[in-house]
Amino acid sequence: MNSVPIRIGVAMVVVSILFGQLEQSIAGPTHDTRSLSRDRLEWPSADDIKRTLLLRDYNTRIVVLGTTMLGVAAGIVGVFMLLRRRSLLGDVVSHSTLPGIAIAFIMMEMIRPGGGKWLPGLLIGALLAGLAGILCTKLILRYTRIKEDAALAIVLSVFFGAGMALFKAVQYIPSGSQSGLNHFILGKTASMVAADVWVIAEVSVAIVVVIGLLFKEFSLLSFDDKFAAAQGWPVFRLDLLLMLLVAGVTVIGLQSVGLLLVVAMLITPAAAARFWTDRLGRTTLVAGMLGGGGAFCGVLISAMYPRLAAGPVIVLTGVLFFLVSMLFGVRRGIVVRVITHRQLKAAVGRQHILRALFEFLEPKCDPSAPMSLQLVDHIVSTDDLQPMRSWTPKRLRHLLRTAEASDFITAVRDGGYRLTTQGAELAHRVVRNHRLWELYLIEYADIAPSHVDRDADDIEHLLGSDIVESLERLLSQRYPHMSVPPSPHSIDVASDTTTQQAVP
Amino acid sequence: MNRSATMLNDQPSRFGLGRALVVGFSLVLLIVVYQLMRKIMIGARWDSYDTWTVVTAALAAMACALPGVFLVLRRQSMMGDALAHTTLPGIVVAFLIAHWLEQSGWISSATYDSWRHAAMFIGALLIGVLSAVLTEWVQKLGRVEASAALGVVFTTLFAIGLLLIRLKADQVHIDPDCVLYGIIETTVMDTVPNTNIPRAAVVNGLVLLANSLLVVVFFKELRISAFDSAISTTMGINANVMHYALMAVTAATLVSAFESVGSILVIAMLIAPAATAHLLTDRLDYLIGISLAVAACSAFLGHLMAITLPSVIFTPLGYPEVVDTNTAGMMAVAAGCLFVTAALFGPRYGVVSKLLDQARLTRSIVAEDVLGLLYRLEEESGVGSLAINQLTAMIGTTTWPTYLALRGLAASGDVTVRGSVYELTDSGREKAKHLVRAHRLWESYMAKHFDLPADHLHESAALVEHFLGADLREELAAELDDTAEDPHGREIPPEKA
């Protein structure tokens, strides 16, 4: 079962058997086409909403099913396109399909007049033309000096132009004028019939299954194709297969969202999923869910408001999901990032004020006794701290207030402050991290003692306990017994001018 | 190495006769093409209406090609494509606002009619900048990859535009088909009163004029920011401002061309002419000129193809009723054909010219190898003559480069042919001496400075010998204190006998 073609082949067989079963079980007895064909834009009645949401109509049911599956497949394929930085290739594929559709129509008309509208034939034509578009892009990139962006734009516009020219020609053919080929451009979900939907659904499931089977290979391809090639994977063939999947998604998306917008179904869910997780497996799942959910909601909305075309509504629902993800995504969402940033800033400010307190008090302490016990005995005023760093009086007051609120210092009479025990402990730790890093830089990076302060100032907040431990191990030869090593440089206002630029 | 060898071969003096031939040939070709075109145009019943179609389309195409040059150079071609989509909501919203103003009595319907175009223009300018800004936001705030951010933004705006059109179609008087597919064939009918000049030609001509003026006035700024935005910023030209200005101008150009020729032609004309020109030249001023020419040619060829090709193709297929097709679409196809032609036959970067260059280089190297081989034979055994099949086997190439090389050598009198046996002439021997001298000098140099064993020297010298001119040989000889023997103990032939 290890060889790729066998795996795919077996999967296809299983899928088609499953579909045979599913098709029979889902097909309802009534073929009511009412709900999708009324033309008005009023608030739908409660009955209509209920009817649509509960998927009472056979037509709504199959259209929703097909489009949702398309959304899932597009979301999943889109993740790999996004990771390969090829998102816009989908746009090229979709535009390139146009001449393929027209040529397929003409060829089928020639074989059997009136038979040009056979959907699978049209879709095969579209698929081949889409692949031809990709091939042209690759050829331009390989053999000319034209960069990727221009290559994409040229292929896209020339194929689309050729398609439009062919479409106009098709209009002259007697059966061509009512062929509905134009529906491929802007999409027309409502005009889909059961047979169309089954094609869409089957292709979507096939795509998802192929991705599932080749998940490892495709992830390797997306993250490091050169490494994959060096490992002996058939990178070129895998890439080709991925392109085929993209073309497949595009082609089945033509009917529901139209070729001008199908690229959105490839890009938007994948981009949205990236806000939720960093792991590829989960990204794929989330993208599939967002894509499917967007398509599902979009179709339902447009079923309730028949004047809203399904294609744009599906795209806009997807965008809504994208915006929500961009704001609230737990991994890279804006809100999460802002909160993390603020927390970090607060921690840095707290550590700065504690270190300033420590360094101010250090000369006043008796070096022979343990420092942490003496720190809490002294009272420090705002004026004492002001020259320790380049902070504005306002910022200093703010930092002191926050530190007081978190019980690191206590305010005493006339504006003085005293470190609490836990404050002294933390100050102790911060200064130790700072100085250990300074010593490390002096010892191992060969940096002059007068230059290490600023570097240490940046890094002190980020040193984890494991790094501190290894620093201690490294430096234990020279500073065996000191819990806080002495500062390697003089601490006065003058030396702190170096720190000034480091403080935002 | 290829490049330097080609440069060594390309002595300017060789082009005297060649250039004359090329000019003469092109003249003949032009006359033939002109006669052919006349026949075709008469056959296709070309009339003034066709001419005006071509003129309008050419003006639109040239207007688009100008901002396109900078989009291609800045690698933002897809941004142009995206703008072509996003101007749709811009137009619709502008129309809706103008319509609302008219309905609510703020402006009279006469003003509405005359300001419709201005409103559309302003809408496009705003939406152009808006798309760029939104893309930037999604990219920066969401840390989304650039092309994906662009994809999200343009599909969103386009979807909004489509919905608005569907919902408000009765108010905005925009036919989505017209905007998307272009109906240049009918816009030409709408002429300036009392003349034959189509209104669209005037609009596009004005936009072309405006764009040309902008390019001329801001040429320096555009050039610097296109090639190196960092440098342009240090020189006081704000790269961001240039970016947004380019987006706005592109969008305005697109929208003016939209109405008359449709979006397909616009997207094609934005990028294809500039990319075609980029295959032909490296200079920005030529690039702009060639782009304009390509744009105009595409318009002409496209229309010609639109009225001639369909019947040529479809009649044999059994559909004589197909007589013409979408002009804008065919213009895009024509632009694509010109691009492919340039990609294949461009004088410097064309695929065919690169192959020819390579063949020429191969031939000259093989010729030199033949000379060297014959010289070494003479040196060893006193007799330097070989049959062609022996030569081919010893040089290790296929037959035809050897054959071509030998023909060239025989023509320049460097070898003589007796039956099928080749022998050096005096002039050939002289050239071979220089080659072998270069080879052995290089071997000595390598042995002296690179500390390589004697059996590793030959490979590199066999490659380098073809690229060592007289001055380099002299320098090498001086460096090696005019040594007379190479590391293998063979004599280094003197430069002059």
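Predicted model: local features only at pLDDT ≥ 70, side-chain atom pairs only at ≥ 80, totals over all residues.
The secondary structure of chain A consists of 22 helices and three strands. Chain A has 504 residues, of which 45% are classed as buried. When contacts in chain A between residues at least 6 apart in sequence are considered, 74% join residues at least 24 apart.

Helix α19 of chain A, which covers residues 421–444, contains 24 residues. From its first C-alpha to its last, α19(A) reaches 34 Å, close to the 34 Å expected at 1.5 Å a residue. This helix is mostly covered, with 18 of the 24 residues of α19(A) buried. Just after α19(A), a positive phi of about 60° is found at Asp446(A).

Leu400(A) lies in helix α18 of chain A, which spans residues 393–405. Because 20 other C-beta atoms lie within 10 Å, Leu400(A) is classed as buried, the cut-off for a buried residue being 20 or more such atoms. When residues up to four places away in sequence are not counted, Leu400(A) touches Ile353(A), Thr382(A), Ile409(A) and Tyr417(A). Leu400(A) and Leu354(A), which are 46 residues apart in sequence, are separated by 9.3 Å in space, C-alpha to C-alpha.

The contact between the two chains involves 56 residues of chain B and 49 residues of chain A. On the side of chain B that touches chain A, at least two residues each are supplied by α4 (77–103), α6 (146–172), α13, α14 and α15 (327–345) of chain B. The largest share of this side, 13 residues, is contributed by α6(B). By class, the residues of chain B that touch chain A comprise 36 nonpolar, 14 polar and six charged.

Two of the helices that supply residues to this side, α13 and α14 of chain B, also pack against each other. Helix α13 (residues 263–280) of chain B meets helix α14 (residues 284–317) of chain B at an angle of about 125°, and their axes are 8 Å apart. The arrangement of α13(B) relative to α14(B) is therefore oblique. The crossing in which α13(B) passes α14(B) is right-handed. On α13(B), the contact is formed by Met269(B), Pro273(B), Ala274(B), Thr276(B), Ala277(B), His278(B) and Leu280(B). These residues meet Leu287(B), Ile290(B), Ser291(B), Val294(B), Ala295(B) and Ser298(B) of α14(B). Nine nonpolar and four polar residues make up the contact of α13(B) with α14(B), and no charged residue takes part.

The contact draws on Arg437(B), Ala438(B), Leu441(B), Trp442(B) and Tyr445(B) from α19(B), together with Arg473(B), Leu476(B), Ala477(B) and Glu479(B) from α21(B). The contact of α19(B) with α21(B) includes six nonpolar and three charged residues but no polar ones, whereas that of α13(B) with α14(B) includes four polar residues and no charged ones.

Terms used. Residues numbered from 1 in each chain as written. Chains lettered and ligands numbered in written order. Axes fitted to C-alpha atoms, helices over the stretch in contact; angles between N-to-C directions. Helix = DSSP H or I, 4+ residues; strand = E, 2+ residues; numbered from the N terminus. Parallel < 35°, antiparallel > 145°, perpendicular 65-115°, else oblique. Left-handed = near helix turned anticlockwise from the far one by under 90°. Contact = placed C-beta atoms within 7 Å. Nonpolar A, V, L, I, M, F, W, Y, C, P; charged D, E, K, R; others polar. Expected span 1.5 Å × (residues − 1). Buried ≥ 20, exposed ≤ 12 C-beta atoms within 10 Å, placed from the backbone.
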